[in-house]
Amino acid sequence: MKTLLIPLFLVTLTLTACRGGGGPATRVGRGVDHAFSKVGHGVQKAGQAIENTAH
């Protein structure tokens with residue numbers, strides 16, 4: 001899993017630097033924030049599924 005996440009993270013950084021307003025660091029920061037938000041949402045859904053299974 002880690003092997004897949006590292007290249008995906010680098011691609012995300014590269015693509016976010018190519019569009020949007022602001023400087024490159026701002027665009028990369030937004031991309032990282034978005035990526036971590038998606039991961040957090042996935043973790044939250046997994047936690048809810050585990051909780052529902054326990055009940």
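Figure 1. Of the 55 residues in the protein chain, 7% are buried (buried means under 20% relative accessible area, exposed over 50%, and partly exposed in between, with a 1.4 Å probe and protein chains only). This is a predicted model, in which local features need pLDDT of at least 70 and side-chain atom pairs count only at pLDDT 80 or more, whereas totals for chains, interfaces and linings use all residues. Residues are numbered from 1 along each chain as its sequence is written, and side-chain values use heavy atoms, with hydrogens and water left out.

**Figure 2. Helix 2, residues 24–54****.** The 31 residues of helix 2 should span 45 Å at 1.5 Å a residue, and the end C-alpha atoms are 45 Å apart, which agrees (the expected span is 1.5 Å times one less than the number of residues). Arg27, Gly31 and Val32 of this helix are buried.

**Figure 3. A nonpolar surface patch****.** Ile6, Phe9, Leu10 and Phe36 form the patch, with about 420 Å² of accessible area together (patch residues have over 30% relative accessible area and no salt bridge; like charges are joined within 9 Å, and nonpolar side chains, namely Val, Leu, Ile, Met, Phe, Trp and Tyr, within 5 Å; a salt bridge is a side-chain nitrogen of Lys or Arg within 4 Å of a carboxyl oxygen of Asp or Glu). Helix 1 (residues 2–16) contributes the largest share, three residues. Ile6, found in helix 1, is exposed, with a relative accessible area of 52%.

**Figure 4. Thr12 and Val32****.** Thr12 is found in helix 1 and is partly exposed, with a relative accessible area of 25%. The C-alpha atoms of Thr12 and Val32 are separated by 7.8 Å, although these residues lie 20 residues apart along the chain. Val32 is one of the buried residues of helix 2.

Methods. Helix = DSSP H or I, 4+ residues; strand = E, 2+ residues; numbered from the N terminus. Areas by Shrake-Rupley, 256 points an atom, 1.4 Å probe, with all protein chains shown as cover.
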